[in-house]
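Biologist: Please put the model on screen. I would like to go through it in questions and answers.

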Amino acid sequence: EKYKIVRIPDMNRFSAEITDIEIDFNSCQGRYNRNNDLHAYVAKLALKGKLSNDQRAGLDKYIVGNGRCGEATSYEMNQKGYVPGFRHDDNAWFKVAGSNNLYQRTIGREAFRALLAESPEPKIIWR
């Protein structure tokens, strides 16, 4: 790792940032033969007494285990007050296109162009 640390004299503070980082992959043998699974490896270390229960619990905040990313992300977003989704006014907004899970039949290209031409303040949001 390389860091850049700058002193900010007027505020009597320092600013620091990582400017370069290199991460090497090392395989690990986890508990229950779940290899290359960091969560299972931490469980194995705890079982062997190389980590205390408190240490393991502390790591569980950051290492959530296979298949639990969505659950952990939802929990952390909720803790910060973020709400998934968006409530919009159906009278002001009209969905005209979507892909993958958001795909639905829409009004069609020509009807969309006609609506856009008629709108006094046309706005298109691309997400």
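**A capping residue and its surroundings**

Modeller: Asp-37 is buried, with a relative accessible area of 5%. The model is a predicted one.

Biologist: Which residues is Asp-37 in contact with, leaving aside its neighbours within four places in sequence?

Modeller: Contact here requires heavy atoms within 4.5 Å. With the neighbours within four places in sequence left aside, the partners of Asp-37 are Cys-28 and Asn-66.

Biologist: Which backbone nitrogen does a side-chain oxygen of Asp-37 lie 3.0 Å from?

Modeller: Asp-37 caps the N-terminal end of H1. The distance of 3.0 Å runs from the side-chain oxygen of Asp-37 to the backbone nitrogen of His-39.

Biologist: Is His-39 buried or exposed?

Modeller: His-39 is found in helix H1. Buried means under 20% relative accessible area. Because His-39 has 16% relative accessibility, His-39 counts as buried.

Biologist: Which helix do the buried residues of H1 pack against?

Modeller: Helix H1 covers residues 38-47, and its buried residues are His-39, Ala-40, Val-42, Ala-43, Leu-45 and Ala-46. These buried residues pack against helix H2 (53-60).

Biologist: Which residue with a positive phi follows H1?

Modeller: The phi of the residue in question is near 85°. The residue is Gly-49.

Biologist: Is Tyr-32 buried or exposed?

Modeller: Most residues other than glycine have a negative phi. Tyr-32 is not a glycine, yet its phi is positive, about 60°. Tyr-32 lies in the loop between E2 and H1. Because the relative accessibility of Tyr-32 is 60%, it counts as exposed.

Biologist: What is the relative accessible area of Asn-33?

Modeller: Asn-33 is found in the loop between E2 and H1. Asn-33 has a positive phi of about 60° although it is not a glycine. Asn-33 is exposed, and its relative accessible area is 74%.

**The chain as a whole**

Biologist: In what order do the elements of the chain run from the N terminus on?

Modeller: The chain holds four helices and two strands. From the N terminus on, the order is β-β-α-α-α-α.

Biologist: What radius of gyration does the chain have?

Modeller: The C-alpha trace spans about 70 × 55 × 30 Å along its principal axes. A compact globule of 127 residues would have a radius of gyration near 14 Å. The chain has 25 Å.

Biologist: How far apart are the mean positions of the positive and negative charges of the chain?

Modeller: The chain has 20 positive and 16 negative charges. Their mean positions are apart by 5 Å.

Key:
Residues numbered from 1 in each chain as written. Predicted model: local features only at pLDDT ≥ 70, side-chain atom pairs only at ≥ 80, totals over all residues. Heavy atoms only, no water. Rg over C-alpha atoms; globule rule 2.2 N^0.38 Å. Lys, Arg positive; Asp, Glu negative; His and termini not counted. Charge placed at Lys NZ, Arg CZ, Asp CG, Glu CD. Buried < 20%, exposed > 50% of the residue type's maximum accessible area, 1.4 Å probe, protein only. Polar contact = N/O pair within 3.5 Å; in protein donor to acceptor, adjacent residues only side chain to side chain.
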